[in-house]
2 protein chains.
Amino acid sequence: MATLVVLGSGIMATALATPFTDNGHTVRLVGTHLDREIIDSIQKTGIHPNLQLKVPEGTEAYQLEDADKAFEGVDLVMSGVNSFGVEWAGEQLAGLLRPGMHVMALAKGLRADDEGNLEILPNVLANQLPEELRKQVTFSAIAGPSIAGEVAVHRHTCVTFTGKDQQVLDMWKELFETDYYHVWTSTDFMGIELMAATKNCYAFGAGFMHGTLKRLQDEKVAGWDSPYVNYNYGAAIFGQASIEMQEWLQLLECDPQTVMGIAGIGDCFVTSMGGRNVKVGTLVGEGMTFSEAKAKMPGVTLEGATCIVVVGKALKALTERGVVPAEKFPLLRHLYEVVGEDQAVDVPWKKFFGTHGDGR
Amino acid sequence: MATLVVLGSGIMATALATPFTDNGHTVRLVGTHLDREIIDSIQKTGIHPNLQLKVPEGTEAYQLEDADKAFEGVDLVMSGVNSFGVEWAGEQLAGLLRPGMHVMALAKGLRADDEGNLEILPNVLANQLPEELRKQVTFSAIAGPSIAGEVAVHRHTCVTFTGKDQQVLDMWKELFETDYYHVWTSTDFMGIELMAATKNCYAFGAGFMHGTLKRLQDEKVAGWDSPYVNYNYGAAIFGQASIEMQEWLQLLECDPQTVMGIAGIGDCFVTSMGGRNVKVGTLVGEGMTFSEAKAKMPGVTLEGATCIVVVGKALKALTERGVVPAEKFPLLRHLYEVVGEDQAVDVPWKKFFGTHGDGR
């Protein structure tokens, strides 16, 4: 039986202990400096306070200062920190990893340089390691529609494990797969991670349909009192998102088919159904600026909004350099106007969908 | 200014009077024999009883016996009947159409022969006309995410007009497009109609996530009392639906890109958000057989369920003939088991998504 050590004890990292321990394996959760109370709670009561659930049998919890002990005798590692902590996690792992170990990364997001070159987070993580060590460790990642709490209570969940090495992916799949946690594998590492990151951007836009509806009801715009909602609006946003997600794949020379199925459209669907991203998108749809909406949600990490700023700035740079035509990515550009420049929501419908409704 | 005569006065046909009359044109709604009370109500009060709204200025209503009068001096025709009435509508139009007229069809669905050859409804409609007349009339269709009531109250809606003749599509677009009703055009007539029909099948499956959740709460399955729902489940169904919708396009030699954007993924999104299809899918997810669920909704037309039977039977025939491999379309095959054979919901997750999570 295997042991997995997890750096970070957020809800997703902890939820994945459920399928892993269901297969008879053991998990060692190592809290970050921000997770002190979580680890305390698990050590004392077995309860993860944010997940509101008891962690499964076979899960041990360690404070950060005991990380060395948690890493003893283990060669499977998960980086469970969120997108804001990837560099920190990489620095920690630089001191904890040994040659031959396998790392699975959970954070979704992108980094970009001033020229608009985008980098996926597993690479950002790996780049914190000394080059010699980096070559002797494998990096993989999990993508796909998985609300953490659902995984933790055995709800059917379909995900993609991605990385460059098919054998390593097969090993991870074997360790995690159960009769409710269904795993596929893809070696389009950059493509899958692009989907995982950009879907968070577009889900922010899914909030607009709710917010716009509330605003026209508040303002008693003609028809406001009809029983009808705003799904046509949301469907158009979702449809354009699917097109732009495929265009990201094409732009970065990934496989355009990666948008189909689990990691692209499936994940965008679940992310558009709710969560913090959609919530703040809703507030902005109601008429607040993004800055005002954000101030209403103090202490809440908004990975989607952060990713919009990264990708929106990259798009500007790529357009200035002539790499991307100005008419491409109208939805992402508008999301950046809203989030990065505090502009009002004013969806550029007529710029959507190319000529034929399918992006061309 | 133009005049459009509409055969059928259901909610979608009537809702489309809103953008058309907003452009200064006139609409003549002709009720079918089933629409007598609707036409009565519009004639007396201006209210469409099912839409619960006043029809817009510039809309006139006619009983079926006055169809000849309604068709006088008009060359734009819409067939607004639903998928069950297409043959009937074609027979009526055979006596009402004249050479040079343009027909726009709204019904979504498919017909199949015993060998599994699928036919789109605008062709079924056209085939009711004498061959000589048929050649002198154009047929187009509207697809894309549009809940009728939302169109009727000016909510943003993006649709695709499809047909074989780009000039005719441009004419229709010019007549209908407004600042809230956004129109794209595609000449992949069969592909767009395939999307419009199959998305109704897959939306039925979207109900399973709600029903399955309710069942496990009712049965107090471990974790039933957690705050978590079943979105991972729904996202996987939606992701597999997107893959199968693209495979339908490939099978019938349509453009695989047609699944992207408005008419495929966008429309599947809005249809999966609610409606009769999802409702009955929910009941089946709770544990009823389809026959039991249907009996709970007397008088309700279930176009999605009907389409599942047509397409499911066609799939069987196509598989027997060796045209489609048995491992393709696992979701549609299961939907047919549920709807056509009254079997219990038991989603074949492991058959989904090909090897890499994207259908391949």
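Me: How many bridges join β2(A) to β5 of chain A, and do they run parallel or antiparallel?
Reply: There are 4 bridges between β2(A) and strand β5 (residues 59-62) of chain A, and the two run parallel. Keep in mind that this is a predicted model.

Me: Which residue in β5(A) is the bridge partner of V27(A)?
Reply: That's T59(A).

Me: What about β1 of chain A, how does that pair with β2(A)?
Reply: In the parallel sense as well: strand β1 (residues 3-7) of chain A and β2(A) share 5 bridges. One pair to look for is T3(A), whose bridge partner in β2(A) is T26(A).

Me: Is β2 of chain A mostly covered or mostly open?
Reply: Mostly covered. Strand β2 spans residues 26-30 of chain A, and 4 of its 5 residues are buried.

Me: Switching topic: what does UniProt list for residues 1-17 of chain A?
Reply: The unreviewed UniProt entry has them down as "signal peptide". In the model, that stretch of chain A is 35% helix and 29% strand, with its end C-alpha atoms 14 Å apart.

Me: And how does chain A superpose on chain B?
Reply: You rotate by 180° with 0.0 Å of shift along the axis, and the RMSD is 0.0 Å. So the two copies are related as by a two-fold rotation axis. The same surface serves both copies, with 100% of the contact residues of chain A recurring in chain B.

Me: Over to chain B then. What's the strand order in its open sheet of 8 strands?
Reply: The order is β5-β2-β1-β6-β7-β10-β11-β12, and the pairing is mixed.

Me: Which strands stand at the edges?
Reply: β5 (59-62) and β12 (181-186) of chain B. Each has a single partner strand, so one side of each is left without a neighbour in the sheet. On average, neighbouring strands of this sheet are turned by 25° against each other, direction ignored.

Me: How do β10 and β11 of chain B run?
Reply: Antiparallel, with 4 bridges joining β10 (residues 138-143) to β11 (residues 157-163) in chain B. A141(B) stands opposite T162(B) in β11(B).

Me: Which strands does helix α12 of chain B lie across?
Reply: Helix α12 (residues 262-272) lies across β10, β11 and β12 of chain B, at about 140° to β11(B).

Me: Last one: at what angle do α11 and α16 of chain B cross?
Reply: Roughly 105°, and the axes of α11 (residues 231-251) and α16 (residues 330-340) of chain B come within 8 Å. That makes α11(B) roughly perpendicular to α16(B). Among the contact residues are W248(B) of α11(B) and P330(B) of α16(B).

Terms used: Residues numbered from 1 in each chain as written. Chains lettered and ligands numbered in written order. Predicted model: local features only at pLDDT ≥ 70, side-chain atom pairs only at ≥ 80, totals over all residues. Heavy atoms only, no water. UniProt positions renumbered as here; feature names shortened; annotations may be inferred. Buried < 20%, exposed > 50% of the residue type's maximum accessible area, 1.4 Å probe, protein only. Pairing = 2+ DSSP bridges. Least-squares fit on C-alpha atoms with pLDDT ≥ 70 in both. Contact = heavy atoms within 4.5 Å. Axes fitted to C-alpha atoms, helices over the stretch in contact; angles between N-to-C directions. Parallel < 35°, antiparallel > 145°, perpendicular 65-115°, else oblique.
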